[in-house]
Amino acid sequence: MVRNEPNAFLDPTAQNYKLLAPMMRDVARLNFEGKLQAVAEVEDQPRQTLHFGSWDAVVSFGVGRGGAAKGNAEPIGRALVAQLSDNQFLVTGFNCRVDFRPAGTAQQQKTQEIVVGTGQTPSALIDGNWQHRQFLRVEEGAYENGVFQSHRILNGDQTDWGLDFGSDSEVLRVSLTRY
């Protein structure tokens with residue numbers, strides 16, 4: 001929804017602050033520890049990848065269910081991803097989809113022989129073996145007094161194609177494995 005008020009351009013910033021305020025200390029700590037990355041949509045760049053050790057977080061903009069990323073009509077998408085442990089992430093965003101794929105080890109990445117899969121389940125061919133992403137648990141919740149409080153668990157139908165974020169604020173704690 002486009003507002004024609006003089007300060008409407010501040011709406012995305014206000015959304016960011018409203019979303020992050022309850023977890024600001026945690027976000028600051030994760031950033032200080034080098035475990036946090038954020039991305040904002042850039043025109044003509046509908047997909048961006050954030051690297052977290054053996055996982056890549058792929059952020060897509062302007063995506064329909066099962067469709068290719070084409071970018072939003074206006075570049076308003078953004079995402080924040082923080083690594084809580086080797087296979088657990090804090091994920092939030094607006095007008096984007098976030099998904100994960102195996103990235104291999106640092107040594108495997110140096111060989112540049114990792115092939116990214118093209119199927120529904122994000123995967124990568126690493127050292128001649130296909131590795132696929134599996135969501136173990138995706139919890140929607142909020143931070144209260146510095147602790148993540150789970151409000152509900154998303155089911156497979158809600159995560160099949162990745163983690164979709166619209167114009168409403170939500171925070172997800174994501175646990176992953178590979179098979």
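Student: Why is K35 called partly exposed?

Tutor: K35 has a relative accessible area of 34%. Buried means under 20% relative accessible area, exposed over 50% and partly exposed in between (1.4 Å probe, protein chains only), so K35 at 34% falls into the partly exposed class. The model is predicted: local features need pLDDT of at least 70 and side-chain atom pairs count only at pLDDT 80 or more, whereas totals for chains, interfaces and linings use all residues. Residues are numbered from 1 along each chain as its sequence is written, and side-chain values use heavy atoms, with hydrogens and water left out.

Student: What makes the contact of K35 with E33 a salt bridge?

Tutor: A salt bridge requires a side-chain nitrogen of Lys or Arg within 4 Å of a carboxyl oxygen of Asp or Glu. From N to O, K35 and E33 are 3.7 Å apart, so the pair meets the 4 Å limit. E33 is partly exposed, at 39% relative accessibility. K35 and E33 also belong to a network of salt bridges with D26 and R29.

Student: How many salt bridges does the structure hold, and which residue meets R101 in one?

Tutor: There are nine salt bridges in the structure. R101 meets D56 at 3.9 Å, N to O. R101 belongs to strand 6 and D56 to strand 3, so the pair ties together parts 45 residues apart in sequence. Both of these residues are buried.

Student: How are strands 3 and 6 paired?

Tutor: Strands are DSSP runs (E, at least two residues) and helices likewise (H or I, at least four), numbered from the N terminus. Two strands pair if DSSP finds at least two bridges between them. Six bridges join strand 3 (residues 55-60) to strand 6 (residues 96-102), and the two run antiparallel. V58 stands opposite D99 of strand 6.

Student: In what order do the four strands of the open sheet stand?

Tutor: The order is 2-3-6-11, with antiparallel pairing. Strand 2 (47-52) and strand 11 (163-165) each have a single partner strand, so they stand at the edges, and one side of each is left without a neighbour in the sheet.

Student: How many aromatic pairs are there, and why is the pair of F52 and F89 called edge-to-face?

Tutor: The structure holds three aromatic pairs. The ring centres of F52 and F89 are 5.4 Å apart and the planes stand at 75 degrees, so the pair is edge-to-face. Rings of Phe, Tyr and Trp (its six-membered ring) pair if their centres lie within 6.5 Å; planes under 30 degrees apart count as stacked, over 60 as edge-to-face and the rest as tilted. At 4%, F52 is buried, and so is F89, at 0%.
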